[in-house]
Amino acid sequence: MGQHVHSTAIVHPLAKVANDVKIGPFSIIHENVVIPSGCEIGAYCEIGIKTTLGDGTPLVFGENTTIRSHSVFYESSSFGAGLVTGHRVTVRENTKAGRNLQIGTLGDIQGDCVIGDFVRFHSNVHIGKMSVIGNFVWIFPYVVLTNDPHPPSNVLKGVTVGNYAVIATMSVILPGVKIGEGALIAAHSSLKSDAEPNMLYMGSPAEKVCSTNKIRLQDGTRRPAYPWTTHFSRGYPEDVVSMWGNEHGE
Amino acid sequence: MGQHVHSTAIVHPLAKVANDVKIGPFSIIHENVVIPSGCEIGAYCEIGIKTTLGDGTPLVFGENTTIRSHSVFYESSSFGAGLVTGHRVTVRENTKAGRNLQIGTLGDIQGDCVIGDFVRFHSNVHIGKMSVIGNFVWIFPYVVLTNDPHPPSNVLKGVTVGNYAVIATMSVILPGVKIGEGALIAAHSSLKSDAEPNMLYMGSPAEKVCSTNKIRLQDGTRRPAYPWTTHFSRGYPEDVVSMWGNEHGE
Amino acid sequence: MGQHVHSTAIVHPLAKVANDVKIGPFSIIHENVVIPSGCEIGAYCEIGIKTTLGDGTPLVFGENTTIRSHSVFYESSSFGAGLVTGHRVTVRENTKAGRNLQIGTLGDIQGDCVIGDFVRFHSNVHIGKMSVIGNFVWIFPYVVLTNDPHPPSNVLKGVTVGNYAVIATMSVILPGVKIGEGALIAAHSSLKSDAEPNMLYMGSPAEKVCSTNKIRLQDGTRRPAYPWTTHFSRGYPEDVVSMWGNEHGE
């Protein structure tokens with residue numbers, strides 16, 4: 001056991017934990033996990049819970065992962081490098097995520113889903129089973145991606161979210177809906193049919209309003225606010241930002 | 001103390017805990033609780049918190065209860081056999097629930113409420129005080145049952161939900177509203193007046209749309225999706241399902 | 001260390017903790033905190049998490065604070081006397097709050113915000129950065145105060161909430177919106193522009209409906225329900241209530 005494991009933590013002897021991994025007080029690391037170099041697990045986390053709903057494969061974190069306190073991960077999920085979570089995150093089995101995913105406090109990832117690279121979930125999002133999420137997607141607080149067209153049933157139709165799409169606060173995406181690349185779903189919307197790329201949808205039920213490039217930055221410049229990659233770059237690696245040709249970003 | 005109590009758990013010597021009960025690491029069992037045979041309490045749970053808002057009776061679980069990690073229960077509530085919770089559930093005093101209740105992750109049951117048999121709460125539901133919920137009810141993520149008609153006040157009018165009713169994701173049920181047996185409240189609705197049995201309500205404010213039996217299953221058969229008991233039986237005991245005459249269920 | 005600190009709690013030797021403070025099992029008190037007399041910290045709390053986003057000042061509680069289990073506070077926030085929280089509350093850095101704040105279970109205070117005296121957050125509210133909240137404000141479950149007018153961006157426009165205002169369940173307040181003193185935002189609303197004092201707003205998008213004094217108490221008297229200070233006084237000190245001239249309050 002590495003010197004960074006707190007004395008009160010409970011780490012299964014067969015868990016694959018790199019020597020430099022920090023594990024906080026009172027955390028539990030189960031047997032079927034892989035935690036590589038540079039990772040940090042906060043206090044009161046339970047990592048690698050066994051389940052019959054997984055495929056038996058381990059929970060695999062990438063390097064330099066940060067899991068904040070009171071979080072829970074099941075086995076049979078995998079993440080690229082640089083996962084960062086808030087507090088009290090739940091991630092169920094069969095979640096396959098790319099690199100540098102961020103999951104805010106209270107996020108509830110139901111499993112059986114695919115998540116791309118550089119995705120950002122703000123606090124308290126709910127990602128239903130069978131969701132397929134592209135790269136550079138942003139999902140804001142209290143958004144729910146649903147999956148059952150006539151609940152309760154055995155028919156699960158996941159939501160698909162294209163690259164660079166943005167779903168604003170407290171919107172519900174109905175089962176099977178596909179959101180096109182760069183689309184913006186305004187706050188408190190209820191999206192019942194597919195959203196075209198780079199278009200703004202708003203309302204309950206949500207309707208198409210205009211192209212996202214009509215929205216102006218409220219920073220005094222009145223440049224277009226979308227694509228957001230033209231002005232926002234916080235937290236992305238330099239090679240990614242330079243690919244965007246971001247001249248104005250933070 | 002049974003052999004299944006983790007060495008780090010703190011169990012009050014006067015708590016009534018059956019010999020075969022499993023209690024996870026770092027959990028706390030207070031004095032005024034009854035945990036019978038076949039129960040399992042996860043890690044970081046606090047069970048039986050004392051409160052002046054209860055009637056002094058113990059927290060009583062039924063047999064074969066499963067409480068997942070980081071959950072909190074107060075004293076003076078009772079549950080039938082087979083309660084299953086997700087993670088981080090909160091259940092306040094004076095909750096009286098029947099058998100085989102399921103409460104998803106982050107569920108917040110405010111107490112002073114009555115819940116029937118075989119009720120299903122998905123993740124992150126909020127059940128206000130004075131709610132009365134029938135049997136076989138389904139409540140989906142981020143639904144709130146409210147109770148104060150002019151907040152803040154001392155007037156509490158709970159919501160009543162009939163047997164087999166379904167409330168879909170992120171709907172708000174306004175104070176004192178009665179939902180009839182088998183009614184369906186669509187996602188992201190705001191229900192301000194009573195819902196008739198077996199009818200679909202949708203919108204904000206919600207309006208009556210049609211009979212639920214007009215909704216077709218999206219499984220290729222186009223059979224009616226409601227009553228849902230004709231095609232969905234996962235998790236219910238055989239004697240219940242056979243009572244429904246369910247020929248097509250999972 | 002005081003005699004009320006549970007033997008399993010981890011308290012940094014440099015933390016300023018008064019002798020009579022109660023600290024529950026498995027809680028963690030970091031170095032940069034001030035916890036004065038009369039305070040009580042529940043189980044599984046992590047208090048005073050270090051962050052580079054704060055100004056280096058300590059987390060300072062007032063006297064007679066009660067923090068319930070599984071809660072998390074960062075350094076560089078301060079609170080007046082009598083803070084009470086539910087379970088699993090998160091409070092980030094640079095939160096400045098007055099006396100007798102209540103934060104319900106699952107509340108998520110994002111930091112960089114100002115909160116007045118006697119404010120009440122019910123369960124599961126989300127207070128975005130840059131929010132400015134007056135005195136005697138009520139915010140009900142699943143309300144979100146947002147701040148980014150075109151997410152994601154570096155432009156943060158916080159919500160301002162006037163004294164005695166009430167935001168009912170599951171409403172979203174859009175960035176930069178100002179809510180006037182005594183205004184009422186009905187449940188499940190989406191408020192996109194400023195709300196005048198003592199007026200009711202409802203809907204998505206919310207529209208002005210009428211003066212709040214048109215709303216009648218449903219307690220048999222049909223007296224006006226607003227200002228709510230005429231009939232509701234639970235939990236406020238006597239000198240405050242007498243200031244209101246509350247003749248009918250509980």
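**View 1. Contact between chain B and chain C.** Contact here means that heavy atoms lie within 4.5 Å, and by this rule 42 residues of chain B are in contact with 37 residues of chain C in this predicted model. The size of an interface is often given as the accessible area lost when the parts come together. Between chain B and chain C the buried area comes to about 2,900 Å², and carbon and sulfur atoms give 62% of this area. On the side of chain B, the residues that lose the most area to chain C are B:His150, B:Pro152 and B:Asn154, which together account for 22% of what that side buries.

**View 2. Polar contacts and elements between chain B and chain C.** How many salt bridges and how many residue pairs in polar contact are found between chain B and chain C? The count of salt bridges between these two chains is zero, whereas the rule for polar contacts finds 18 residue pairs across the interface of chain B and chain C, with both residues of a pair at pLDDT 80 or more. Strand E7 (46-49) and strand E10 (72-74) of chain B are the elements that give two or more residues to the side of chain B that touches chain C. Sorted by class, the residues of that side of chain B divide into 20 nonpolar, 17 polar and five charged.

**View 3. Contact between chain C and chain A.** In this view, 42 residues of chain C are in contact with 37 residues of chain A, and the area buried between the two chains is about 2,900 Å², with 62% of it given by carbon and sulfur atoms. Within chain C, the residues C:His150, C:Pro152 and C:Asn154 lose the most area to chain A, and together they make up 22% of what that side buries. Across this interface of chain C and chain A the rule finds zero salt bridges, but 18 residue pairs in polar contact, both residues being at pLDDT 80 or more. The elements of chain C that give two or more residues to the side touching chain A are strand E7 (46-49) and strand E10 (72-74), and the residues of this side of chain C fall into 20 nonpolar, 17 polar and five charged.

**View 4. How the copies are related.** Two copies of a chain are related by a rotation about an axis and a shift along it. For chain C and chain A, a rotation of 120° with 0.0 Å of shift along its axis superposes chain C on chain A, with an RMSD of 0.0 Å. These two copies are therefore related as by a three-fold rotation axis. Chain B, in turn, can be laid on chain C by a turn of 120° and a shift of 0.0 Å along the axis, with an RMSD of 0.0 Å.

**View 5. The two domains of chain A.** Chain A is divided into domain 1, covering residues 10-213, and domain 2, covering residues 216-250, and the C-alpha centres of these two domains of chain A lie 24 Å apart. The contact between them takes ten residues from domain 1 of chain A and twelve residues from domain 2 of chain A.

**View 6. The interface inside chain A.** Domain 1 and domain 2 of chain A bury about 980 Å² between them, of which carbon and sulfur atoms give 62%. The side of domain 1 that touches domain 2 of chain A has six nonpolar, three polar and one charged residues. Across the interface of these two domains of chain A, the rule finds zero salt bridges, while four residue pairs are in polar contact, both residues at pLDDT 80 or more.

Terms used:
Residues numbered from 1 in each chain as written. Chains lettered and ligands numbered in written order. Predicted model: local features only at pLDDT ≥ 70, side-chain atom pairs only at ≥ 80, totals over all residues. Heavy atoms only, no water. Least-squares fit on C-alpha atoms with pLDDT ≥ 70 in both. Domains from an automatic or database assignment. Buried area = accessible area lost by both parts, 1.4 Å probe. Salt bridge = Lys/Arg side-chain N within 4 Å of Asp/Glu carboxyl O. Polar contact = N/O pair within 3.5 Å; in protein donor to acceptor, adjacent residues only side chain to side chain. Nonpolar A, V, L, I, M, F, W, Y, C, P; charged D, E, K, R; others polar. Helix = DSSP H or I, 4+ residues; strand = E, 2+ residues; numbered from the N terminus.
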